[in-house]
Amino acid sequence: GLYRDVRLIVTNPVHIKRWGTFVTTPNIQNSKGDVSVKTEIHNHSPVPVDVTLTMEIIDPQGKTVATTNSRQKIKDEFVFEQTLNVAHPSLWNIDSPILYKAVSKVSVNGQVVDQLQTSFGFRFFKFDSNKGFFLNGKHHKLNGGCLHHDLGPLGAAYNQSAMRYHLQLLKEMGCNAIRTSHNPPAPQFLDLCDEMGFVVMD
């Protein structure tokens, strides 16, 4: 049966591809952080179109902390690659999961025809074969387990408040890591993990 939200997505001929943004923070040092954003734009109109992509980085207080514009004539599809610099970014971590937003605005002839918001956190990590997992330079033991996509007796249909309660219980037990099992998790579940401070093997 259906156990995830069903969506009908209506777009303009020029639009951001579904799952078409990819945000990383490849360089965090000297009191600044780089945000690398790849955005795939599709053009389904019969002629090439001049497209402007405006990218804004919004901090947790709702303030715009970086912005950039790119322009490209697109025949059918194109991947924009943009890098923005943010001064003194607050880092996402397990105990303080601070999230920023990358807002992508696609314009044709000065008119915004598509817009997408992507949440992300500034963080860097590494795995050491002898010492384990480090997040933002701090060692963490990964305490967690495999979590199936369903909610036990509540069934397989996703329920946001029930999942939030489930994750709150795990957090209170000292869990900080989750491996999703078997079925693809709901996007809302991954958003909750970002918001509540879980690292995830999806």
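Asp34 is buried, at a relative accessible area of 11%. Buried means under 20% relative accessible area, exposed means over 50%, and partly exposed lies in between (1.4 Å probe, protein chains only). This is a predicted model: local features need pLDDT of at least 70, side-chain atom pairs count only at pLDDT 80 or more, and totals for chains, interfaces and linings use all residues. Residues are numbered from 1 along each chain as its sequence is written, and side-chain values use heavy atoms, with hydrogens and water left out.

**Salt bridges**

- The whole structure holds five salt bridges. The rule asks for a side-chain nitrogen of Lys or Arg within 4 Å of a carboxyl oxygen of Asp or Glu.
- Lys32 is partly exposed, at 35% relative accessibility.
- Glu40 and Lys17 form a salt bridge, their closest N and O atoms 3.7 Å apart. Glu40 lies in strand β3 (residues 32–43) and Lys17 in strand β1 (residues 14–24), so this pair ties together parts 23 residues apart in sequence. Strands (E, at least two residues) and helices (H or I, at least four) are DSSP runs, numbered from the N terminus.
- Glu40 is buried at 16% relative accessibility, whereas Lys17 is partly exposed at 35%.
- Asp50 and Arg71 meet in a salt bridge through their side chains, at 3.9 Å from N to O. This pair links distant parts of the chain: Asp50 sits in strand β4 (residues 49–58) and Arg71 in strand β5 (residues 64–74), 21 residues apart.
- Asp50 is partly exposed at 35% relative accessibility. Arg71 is exposed, with 63%.

**Cysteines**

- The disulfide count is zero. A disulfide here is a pair of cysteine sulfur atoms within 2.5 Å.
- The sulfur of Cys146 has its closest cysteine sulfur in Cys175, 11 Å away, which is too far for a bond.
- For Cys193 the closest cysteine sulfur is also in Cys175, at 8.7 Å, again too far for a bond. Cys193 is buried, at 0% relative accessibility.

**Largest pocket**

- The largest pocket has about 1,700 Å³ of space. On a 1 Å grid over the protein atoms alone, a pocket is an open set of points with protein on both sides within 12 Å along at least five of seven lines; a cavity is a set where a 1.4 Å probe fits but cannot get out; lining residues have an atom within 4 Å of a point. Grid points are joined across faces, edges and corners, and a volume is the space filled by probe spheres set on the points.
- The pocket is lined by 44 residues, and the closest to its centre are Thr118, Ser119, Leu190, Asp191 and Asp194.
- Elements that give two or more residues to this lining include β8 (111–120), β13 (177–181) and α2 (187–196). Strand β1 gives the most, with 10 residues.
- By class, the pocket lining has 24 nonpolar, 11 polar and nine charged residues. Ala, Val, Leu, Ile, Met, Phe, Trp, Tyr, Cys and Pro count as nonpolar, Asp, Glu, Lys and Arg as charged, and the others, Gly among them, as polar.

**Cavity**

- The whole structure has one cavity of 30 Å³ or more. The largest cavity has about 80 Å³ of space.
- Its lining residues include Arg4, His148, His149, Tyr158, Met163 and Phe189.
- The cavity lining has seven nonpolar, four polar and one charged residues.
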